[in-house]
Amino acid sequence: MKPAHLLALESEELKGLMLEVGEPAFRAAQLQDWLFQHLEVDFDRMTNLPQSLVEKLRNSAVCTVLKTASVQESRDGTIKWAFETPDGHFFETVMIPSEGRRSICVSSQIGCAMGCTFCRTATMGFIRNLTLGEILEQVHFVNRHLRDKDGSRVTNVIFMGMGEPLQNLDIVVSACRRLISPSGFNLSRRKITVSTSGIVPKILEWAEKAPEIKLAISLNGSNDAVRSELMPINRRYPLEKLFAAADEYIRLTGQKLTFEYILIKDKTCTTEAARELRHIASHRNCKINLIPLNKGDNAGLVAPSEEEIEAFERELNRGGFQVLRRKARGPDIYAACGQLAKEQKKVA
């Protein structure tokens with residue numbers, strides 16, 4: 001039988017495991033304390049657990065399943081790890097330090113099926129969904145790294161790594177539950193954001209299953225022609241359907257929605273695009289995150305100049321809604337938005 005991944009177990013599931021191996025249920029709380037308060041993954045260091053339980057856990061459970069394949073640190077302090085899964089695949093996770101924050105960009109899939117032309121992850125294709133344990137282990141790993149480095153912890157979790165989170169929706173919902181659980185990572189729900197390319201039925205499902213967790217939609221085009229060119233998902237769910245779902249999400253959850261918008265020279269960063277985007281946002285409870293294009297594999301897409309970006313922002317800021325420009329972090333190690341990709345082992 002496959003060992004239980006302890007990070008993925010809810011309190012009741014952990015109690016059930018204790019009873020299953022012939023131990024009292026209260027041991028579950030002790031084990032959770034070691035895992036989430038002390039960030040311990042070595043059963044032998046869990047000193048208030050009896051040796052009998054330690055031996056049983058060695059045979060029936062694991063705290064970690066991922067291997068660190070590589071680590072790179074950017075000049076700006078951003079760190080990117082590549083992890084190898086038990087079945088021999090690779091994915092990446094990014095930690096972004098800033099004043100008062102330690103943000104982690106979490107992957108939810110290995111590769112991605114969405115095919116966005118500005119994103120390097122799309123070049124991998126879709127390999128598989130990450131499991132609940134594999135998602136939570138990314139956060140646990142970075143917490144251990146930060147503990148050993150400076151005693152800090154992850155403050156913000158952003159599902160903007162590899163993959164389309166809403167294509168792994170139930171697992172991502174469960175991951176968010178563990179992230180905010182007092183017996184888990186105990187993060188504020190306001191510190192978690194899930195980003196989607198705009199799968200309309202899944203947006204409505206997310207509003208039903210996780211209304212307390214913030215959602216961001218990768219818009220990246222102010223009209224259907226441009227967005228369909230950049231994001232194939234728009235051909236299935238064009239802007240009219242996307243905005244209908246976005247408005248329903250806002251109505252159902254009461255949350256402010258974030259629209260992420262990639263700035264690409266002569267495509268999305270034009271005066272006309274700024275006016276169209278201003279019209280889109282001006283009557284919605286939303287904010288706009290502007291993301292200048294980061295270096296990728298598509299030679300046909302170029303980042304705008306600083307002057308072009310500033311002109312775009314001036315036009316957009318006339319709308320009276322919140323506009324933020326996201327600073328690229330870790331571009332020198334391909335850790336910035338749209339840059340994550342990892343070659344997989346070739347099968348003989």
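Reader: Is L39 buried or exposed?
Author: L39 has a relative accessible area of 2%, and buried means under 20%, exposed over 50% and partly exposed in between (1.4 Å probe, protein chains only). The model is predicted, so local features need pLDDT of at least 70 and side-chain atom pairs 80 or more, while totals for chains, interfaces and linings use all residues. Numbering runs from 1 along each chain as its sequence is written, and side-chain values use heavy atoms, without hydrogens or water. So L39 is buried.

Reader: Where does L39 lie, and what is its phi?
Author: L39 lies in the loop between helix 2 and helix 3 (51–60); helices (H or I, at least four residues) and strands (E, at least two) are DSSP runs, numbered from the N terminus. L39 isn't a glycine, yet its phi is positive, at about 55 degrees.

Reader: Which loop holds N220, and what is its phi?
Author: N220 sits between strand 11 (214–218) and helix 7 (224–230). N220 is buried too, at 2% relative accessibility. Again it's no glycine, but phi is positive, about 65 degrees.

Reader: Which residues of helix 1 and helix 2 make the contact?
Author: The axes (lines fitted to C-alpha atoms over the stretch in contact, angles from 0 to 180 degrees between N-to-C directions) of helix 1 (residues 11–20) and helix 2 (residues 27–37) come within 8 Å and cross at roughly 120 degrees. Contact means heavy atoms within 4.5 Å. On helix 1 you've got S11, L14, K15 and M18, and on helix 2 R27, A28, L31 and Q32.
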